[in-house]
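Look at the fold as a whole, and then at one residue inside it. The tour below moves between the two.

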Amino acid sequence: MPRPLRVLPLLAAITTFALPASAAEAAARIEPGDVAWMLLCTALVMLMTIPGLALFYAGMVRKKNVLATMMQSFSLCAVGTVLWMVAGYSLAFGTGDAWIGDTSRLMLHGIAETWDKPFTLGAGTEYAVPTTIPESVFLLFQMAFAIITPAVVTGAFADRMKFSAMLVFLSLWSLLVYAPLAHWVWAPNGWLAVMGVADFAGGTVVEVNAGVTGLVCALVMGRRLGYRQENMAPWNLALAVVGASLLWVGWFGFNAGGALAAGGRAAMAVLATQLAAAGATLSWSFAEWLLRGKPSVLGAISGAVAGLVAVTPAAGFVLPGPALGLGLVAGAVCFWAATELKQRLGYDDSLDVFGVHGVAGIIGMLATGWFACGALTATAEHPEGLYVGGVSLLGVQALAVGVTILFSGAASWLLLVVTERLVGLRVTREEEREGLDLTLHGEQVF
């Protein structure tokens with residue numbers, strides 16, 4: 001009879017490998033090497049939003065909307081930073097209960113007493129996780145995730161949402177959707193974490209969450225004017241390639257930082273990330289070559305992102321072979337989702353947020369449930385591993401995906417309704433025709 005999945009949060013499994021044999025010893029000091037590594041990972045994740053995502057998205061829209069698209073990523077970096085300090089961090093990682101954090105860290109209250117001490121996540125609970133980094137480093141790393149996730153969503157409503165609506169909707173979304181979901185999955189006492197979900201770097205919290213939200217936005221807002229009738233080809237694919245390249249490199253920090261330390265687990269996450277991205281680039285390109293006669297540049301960079309998304313929940317749990325296979329599957333399936341599926345269903349997800357992030361995130365979460373290698377989460381107490389692929393873990397992963405889809409979809413729809421009543425969602429037909437650069441920001445690219 002298979003061993004039941006141990007009830008232990010993800011971060012506990014991760015830090016087991018980062019810390020010395022004695023947790024008490026680990027909790028007594030800060031490791032400068034781990035601090036340096038996590039600061040580097042934080043910088044890499046920030047690089048993914050500005051300039052990475054900003055360039056990636058800007059290169060794929062029409063010329064009249066380039067600045068407005070870049071402004072969305074840039075402004076959300078600022079907004080997300082302030083929201084994280086004011087309440088987001090406390091709601092996501094405050095001890096609270098199984099459903100939400102608490103108010104103990106509003107405005108980062110109490111950081112003056114802990115800034116130079118090793119941080120224990122979930123302190124005071126039976127699931128407490130000691131680390132070798134200070135709380136300032138942990139909250140900075142998590143801040144970078146809270147910034148890029150809403151920025152990813154903007155690709156779904158590119159070319160047609162008001163700037164004011166974007167600020168209102170995604171500010172509310174960050175606090176009321178992202179923060180609770182982050183608590184469920186990544187806080188040691190979050191109910192999905194306690195259940196044993198394996199999500200190394202954000203398959204649910206970031207990817208499925210952003211993808212489903214993007215789909216809801218596309219459905220609620222409707223199609224762009226001229227969709228399927230006018231030429232909406234990307235303005236500058238060279239910018240998009242540069243952006244995708246920055247995303248690829250930045251994703252090493254995105255995934256490997258999940259180890260919370262510099263060690264073998266982080267190295268394996270980087271290796272898995274590279275293999276999955278490469279596999280998905282090739283599978284998307286060859287699928288397009290076979291079915292459409294030519295492998296496009298847009299297809300190659302989209303495939304790379306699909307592979308990076310798919311390996312996000314799996315990076316610290318799978319070996320190189322499954323990581324490459326995951327990328328190969330994600331590239332081909334996301335090509336189908338972003339072309340055939342979108343065309344058949346008729347929704348206008350401008351930059352394929354759901355087709356890439358949503359679909360690849362689901363694939364990655366389920367694949368982690370089956371291919372998780374026990375050796376990567378083995379401890380002296382549990383030599384077979386804390387996370388072992390099989391029916392039990394696959395069931396937990398499927399539950400986490402289903403819950404994320406339902407919660408994110410319903411909450412996003414409700415927040416869009418609220419935003420519509422507060423400031424309105426969509427620009428006028430005349431403004432959309434003229435372009436958002438001029439109508440919203442009074443500037444344009446020459």
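**One glutamate and its surroundings**

Start at Glu135. Setting aside neighbours within four places in sequence, Glu135 is in contact with Tyr89, Arg105, Ile111, Thr114, Lys117 and Phe119. This is a predicted model, so contacts are read from predicted coordinates.

Where does Glu135 sit? Glu135 lies in helix α6, which covers residues 135–153. Is Glu135 buried or exposed? Its relative accessible area is 3%. Buried means under 20%, so Glu135 counts as buried.

Two of the contact partners also meet Glu135 through polar side-chain contacts. The side chains of Glu135 and Tyr89 are joined by a polar contact of 2.7 Å. The side chains of Glu135 and Thr114 are joined by another, of 3.1 Å.

Now step back to the whole chain. The protein has 17 helices and 2 strands. A compact globule of 446 residues would have a radius of gyration near 22 Å. The protein has 21 Å, so the value agrees with that expectation. Along its principal axes, the C-alpha trace spans about 65 × 50 × 35 Å.

How much of the protein is buried? Of its 446 residues, 58% count as buried.

Definitions and conventions: Residues numbered from 1 in each chain as written. Predicted model: local features only at pLDDT ≥ 70, side-chain atom pairs only at ≥ 80, totals over all residues. Heavy atoms only, no water. Helix = DSSP H or I, 4+ residues; strand = E, 2+ residues; numbered from the N terminus. Buried < 20%, exposed > 50% of the residue type's maximum accessible area, 1.4 Å probe, protein only. Polar contact = N/O pair within 3.5 Å; in protein donor to acceptor, adjacent residues only side chain to side chain. Contact = heavy atoms within 4.5 Å. Rg over C-alpha atoms; globule rule 2.2 N^0.38 Å.
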